[in-house]
Amino acid sequence: MNQSFQVDLRGIVDLLSHHLYSSPRVYVRELMQNAVDAITARRALAPTAPASVWLESPKTTGDGTLRVHDTGLGLTEQQVHELLATIGRSGKRDELGFSRHEFLGQFGIGLLSCFLVADEIRVQTRHEGHPTVYWTGFADGRYETRPGPDRQEVGTTVTLVPRRDATDWLDAARVRDLAALFGEMLPYPVRVDGDLVTAETLPWQAGRAELLRTAEQTFGFTPFDTIALNVPEAGLTGVALVLPTPANPAAKSGHRVYLKRMLLAEGAEDLLPEWAFFARCIVDASELRPTASREALYEDGLLESVREQLGAQLRGWLVNLANSDADRMHRFLAVHHLGVKALAMHDEEMLRVVDQWWPMETNMGRMPLEEFRRRHGTVRYSANNDEFRQLAAVAAAQGLAVVNGGYTFDAELIERLPLLDNTIMVDRLDPSDLSTRFDTLDPAAELALRPFTAAAQRAMDPLGCEVVVRAFDPPSMPALYLTDRHATFQRRLRETAQVSDDLWAGVLSTFEKAEAQVRPQLVLNHRNPLVRRMSALPSPALVAVTVSSLYGQALLYGHHPLRPADMALLNRSFLDLIDLALPNAAPGSTDDDV
């Protein structure tokens, strides 16, 4: 035998209040949405029918209730039973003229949301050519219809009798604020206690002054610029407001979204592509779908298409700005270069903008990559900040121009430059390449330095480092620690294998390459006065101490990772230098004698 489900209305209200809606305030939105939809349905049949919604708070009603009146289509008694008293039924809505794209219905759960603040809902409604129907619904799941005097006007009045713990939600000031928040852009006039809360035009159609005022009120800033948005496929119009200050790329952007001119969300996410975190939007759409709570956008193919088209419109604004207003483009990039660089990671037109406009750090001064190529040819870059800081001055002294690719996206964008022109040469700087540009010593000087270099090499052999003496600028730099990238990788691979179990060590050994056994170099600068004095030290022990100290200083200066052996050497050489600096105490002397 077939039986019907039994519905606990109080349980459903609890479900709505705790899991579907973020706040009871949505009851005002649902009441206005019902009223506007009823007016729209009536005007589809009679275009000249009156169109207005007015709310009367307890301040006006005087009995603690809230009343919402509309001049909409109204309902017959049969429709009241089909729509007001049956939760979730949507099959009759198209027939009655209440078809909507949203997941929730005209009445059903929408009207049910009023039980978030009310114990009793009274509906007085009249359809053209039919008597007035009086319907009352109770929070415990009961409802009743009764006869009453006919009202003269076609339309509906909904009266809410508040719950004891929800009277604040029906306060006059709060009702007015919520009606203005949700319904400011509705196409029909809405009044609360006689005060109009709807605007005559959409903000992006009311002129720049009004748009700037809206931006200040909505988001709290005066935009750097405004960008008109239009996606006919989704019935979307609106405006993007460019932030005047940097935005956090990791933070989700919140946009104000209206659906059929009713506020859907004050902080909707994922309306724009991730790279467009420099903009906030105010938009109205007619075809996008809301989630069940009607407080966010439903992720589907149409929303994805809208996101792509809005991204293309922001991209077009950027290209136009670059082509038409150099000063503003510089000011924009100074604030939002991360967003532009993020877009340039997969968009060649934006890559061209970065190439032409964004001044990158180089050891020859800040300049765009296009200018760098014009001056120096090959775009040689350092992949991280530490490497650039270590080598920038040395490379500049050798006439080698280097770009710092250590900032977010910079190295990847430099590698993408050949996509713009296949003649562009890009080369990542390998620190070991610098040693080939250093001046070698004349044979007589090399011969004189052999005892020193031999002693220095003996000190560095346990650390797997090769000591070479070269002459390079600047003379103030005594030593550089240079290592080939591939050699560094192989060395770390071997070190990891030594502390791993046999299985993992065997896996790592498959990546080892015999030809990569190139040792890092400690390059001593013969033009540095300290190095020349060190080379004249008579004792191999003193040479070992001083060279070990320079080795440690070179590691720290280049921000190289320190192995346990390096740390031990640093500590030992430091203590040895202190010991050498202190005078030897004579036998029998006291501290006061020293």
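Modeller: Helices (H or I, at least four residues) and strands (E, at least two) are DSSP runs, numbered from the N terminus, and by that rule the protein has 21 helices and 19 strands. This is a predicted model, in which local features need pLDDT of at least 70 and side-chain atom pairs count only at pLDDT 80 or more, while totals for chains, interfaces and linings use all residues. Residues are numbered from 1 along each chain as its sequence is written, and side-chain values use heavy atoms, with hydrogens and water left out.

Biologist: What makes helix 10 oblique to helix 11?

Modeller: The axes of helix 10 (residues 326–344) and helix 11 (residues 348–357), which are lines fitted to C-alpha atoms over the stretch in contact, with angles from 0 to 180 degrees between N-to-C directions, come within 10 Å and cross at roughly 130°. Angles under 35 degrees count as roughly parallel, over 145 as roughly antiparallel, 65 to 115 as roughly perpendicular and the rest as oblique, so helix 10 is oblique to helix 11.

Biologist: Which residues of helix 10 and helix 11 make the contact?

Modeller: With contact meaning heavy atoms within 4.5 Å, those of helix 10 include Met329 and Leu333, and those of helix 11 include Leu351 and Trp357.
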